[in-house]
Amino acid sequence: IIMILCFLGRFLPLWQGFMHLPLWQPIAKLSYSAYLIHTAVLILDFCQRESPIAYAPSAFGFNFVSFTMCSLLAAFAVYILVEKPASNLQMKVFGAGGD
């Protein structure tokens, strides 16, 4: 219901104005790319392990931070190497629609 109200422009106008700021666009692009990439990062790590996973709080914290950073760095690389050039090409061909 909240999403429908946001699309119609009838849900807390001040909050909607804040969420429509251009500041959120790069964060949204990186978080979506990281969402798509994180599975590959996890598979890459867990398939290369030779020993069982140790479930210790310190290992969990280290894995969380390292997987998050690897996913975000890969997402940034995908943005620079794929998304931005495709957006620039779209702007040149169609005249608008990219950032």
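**Notes on the predicted model**

1. Fold. Read from one end of the sequence to the other, the protein chain shows the pattern α-α-α-α. The radius of gyration is 19 Å, well over the 13 Å that the globule rule gives for 99 residues, so the protein chain is more spread out than a compact globule. The secondary structure amounts to four helices and zero strands. It should be kept in mind throughout that this is a predicted model.

2. Along the principal axes, the C-alpha atoms of the protein chain fill a box of roughly 50 × 35 × 20 Å. Of the 99 residues in the protein chain, 11% are buried.

3. Largest pocket. The volume of the largest pocket is about 230 Å³. Its lining consists of 14 residues, and those nearest the centre of the pocket are L42, F60, N63, F64 and F67. Two or more lining residues come from each of the helices α3 (24-47) and α4 (57-94). Helix α4 gives the largest share of this lining, with seven residues. By residue class, the lining of the largest pocket has 10 nonpolar and four polar residues, and no charged ones.

4. Residue F60. One of the residues nearest the centre of the largest pocket is F60, which has its place in helix α4. Is F60 buried or exposed? F60 is exposed, because its relative accessible area is 62% and the term applies over 50%. Between the C-alpha atoms of F60 and G95, which are 35 residues apart along the chain, the separation is 48 Å.

5. Residue S58. Helix α4 also contains S58. With a relative accessible area of 59%, S58 is exposed.

6. Second largest pocket. The second largest pocket holds about 150 Å³ of space. The residues that line this pocket are M3, C6, F7, W15, Q16, M19 and H20. Helices α1 (2-8) and α2 (13-19) each contribute at least two residues to the lining. Five residues of this lining are nonpolar and two are polar, while no charged residue takes part.

7. Salt bridge. How many salt bridges does the structure hold? The structure holds one salt bridge. The partners are R49 and D45, whose closest N and O atoms are 2.8 Å apart. Side chains of opposite charge can pair when their charged atoms come close.

8. R49 is partly exposed, since its relative accessible area of 31% falls between the limits of 20% and 50%. D45, at 25%, is likewise partly exposed.

9. Points to carry forward. The protein chain has four helices and zero strands. The linings of the largest pocket and of the second largest pocket contain no charged residues. The salt bridge joins R49 with D45.

Definitions and conventions:
Residues are numbered from 1 along each chain as its sequence is written. This is a predicted model: local features need pLDDT of at least 70, side-chain atom pairs count only at pLDDT 80 or more; totals for chains, interfaces and linings use all residues. Side-chain values use heavy atoms; hydrogens and water are left out. On a 1 Å grid over the protein atoms alone, a cavity is a set of points where a 1.4 Å probe fits but cannot get out, and a pocket is an open set with protein on both sides within 12 Å along at least five of seven lines; lining residues have an atom within 4 Å of a point. Grid points are joined across faces, edges and corners, and a volume is the space filled by probe spheres set on the points. Ala, Val, Leu, Ile, Met, Phe, Trp, Tyr, Cys and Pro count as nonpolar, Asp, Glu, Lys and Arg as charged, and the others, Gly among them, as polar. A salt bridge is a side-chain nitrogen of Lys or Arg within 4 Å of a carboxyl oxygen of Asp or Glu. Buried means under 20% relative accessible area, exposed over 50%, partly exposed in between (1.4 Å probe, protein chains only). The radius of gyration is taken over C-alpha atoms; the globule rule is 2.2 Å times the number of residues to the power 0.38.
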